[in-house]
Every structure is written in structure tokens, then in C-alpha cells.
Amino acid sequence: MLPEVWANAGVQAALVARDFGRLCALVREASGLRQDDMVMLTGLSQSFLSMLETGARRLTNIDKIIILLDGLGTPAELTGPMLEPDHGLDDPHPRMDRTREAPAQAPLTERGMRPGPR
């Protein structure tokens with residue numbers, strides 16, 4: 001995708017608003033792509049893309065949103081950590097603070113249970 005597409009205020013506003021139908025339409029128009037081109041880039045079906053652009057459908061599945069944004073080549077500075085290459089591979093909750101240790105727990109008894117409070 002051309003860098004000037006992502007500099008467009010309308011494109012950025014649609015991205016911030018998570019209006020992926022408007023985003024697709026604006027990106028497509030600004031870059032001179034047809035819906036068939038967008039289908040190839042994003043993996044969305046042509047019928048879904050058409051309904052998305054007209055507002056008849058919404059895109060809410062985070063996995064599909066990531067695929068869409070990645071397929072469009074959305075710059076990371078506009079998406080935040082969502083499209084970082086190692087997102088979710090080692091850590092299913094990358095934004096959680098893992099610097100604090102979990103409280104120590106009593107060892108399991110012979111029956112596989114932890115003793116109750118004393």
C-alpha cells in the first residue's frame with residue numbers, strides 16, 4: 001500500500017473508529033484498487049467485502065481484523081502492538097504485567113489437594 005494512503009486523515013479516522021468497512025473503501029479508492037484486488041490482499045470474500053463497505057456487515061473478529069490490517073499493509077504505528085511480528089506467539093496476553101511473581105502455594109498432598117487455611 002502506498003504510504004500516502006495511510007497519511008490520509010479519513011483513513012486514519014476510520015481506523016481509529018474501527019470502521020473497517022469505511023477503511024476498506026477509503027484505502028481501495030485512494031490506492032486505485034478494485035474489490036477483487038482487496039479480496040486477494042485481505043482474504044475476505046468479495047461479497048463480505050461489499051457488505052462491509054456498504055455497512056450491511058461489520059468486522060468484529062479480532063483474528064480477521066488482524067488479517068485484514070496485515071493484508072493491507074497497515075503501518076504498526078497506526079495499529080499499535082496488534083500487528084507486531086511476535087504478537088501472541090510466546091505470550092497469549094502480551095499486555096499483562098508479568099513482572100510480579102505469583103504468590104507461593106502450599107505443595108500438593110498425597111491426594112493431589114492443597115491443604116486449607118489453618
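The structure is a predicted model, in which local features need pLDDT of at least 70 and side-chain atom pairs count only at pLDDT 80 or more, while totals for chains, interfaces and linings use all residues. Residues are numbered from 1 along each chain as its sequence is written, and side-chain values use heavy atoms, with hydrogens and water left out.

**Overall make-up**

The protein chain has seven helices and zero strands, where helices (H or I, at least four residues) and strands (E, at least two) are DSSP runs numbered from the N terminus. Of the 118 residues in the protein chain, 25% are buried; buried means under 20% relative accessible area, exposed means over 50%, and partly exposed lies in between (1.4 Å probe, protein chains only). The accessible surface of the protein chain, computed by the Shrake-Rupley method with a 1.4 Å probe, comes to about 8600 Å², and 53% of this surface belongs to carbon and sulfur atoms.

**The nonpolar core**

In soluble globular proteins, nonpolar side chains tend to be buried together. A nonpolar core is a set of buried Ala, Val, Leu, Ile, Met, Phe, Trp, Tyr and Cys residues joined through side-chain atoms within 4.5 Å. The largest such core here has 20 residues, and Phe20 and Leu23 are those with the most contacts inside it. Helices H1 (3-7), H2 (9-16), H3 (20-31), H5 (46-54) and H6 (62-71) each supply at least two residues of this core, with the largest share, five residues, coming from H3. When neighbours within four places in sequence are left aside, Leu23 is in contact (heavy atoms within 4.5 Å) with Trp6, Val11, Ala14, Leu15, Leu69 and Leu72.

**Salt bridges**

Two salt bridges are found in the whole structure, a salt bridge being a side-chain nitrogen of Lys or Arg within 4 Å of a carboxyl oxygen of Asp or Glu.

| Pair | N to O distance |
|---|---|
| Glu53 and Arg28 | 2.8 Å |
| Arg34 and Asp37 | 3.2 Å |

Glu53 lies in helix H5 and Arg28 in helix H3, so this pair ties together parts that are 25 residues apart in sequence. Both Glu53 and Arg28 are buried. In the other pair, Arg34 is exposed, with a relative accessible area of 52%, whereas Asp37 is partly exposed, at 23%.

**Another residue of H3**

Arg22 also has its place in helix H3, and its relative accessibility of 44% makes it partly exposed. Arg22 and Thr54 are 32 residues apart in sequence, and their C-alpha atoms are 8.1 Å apart in space.
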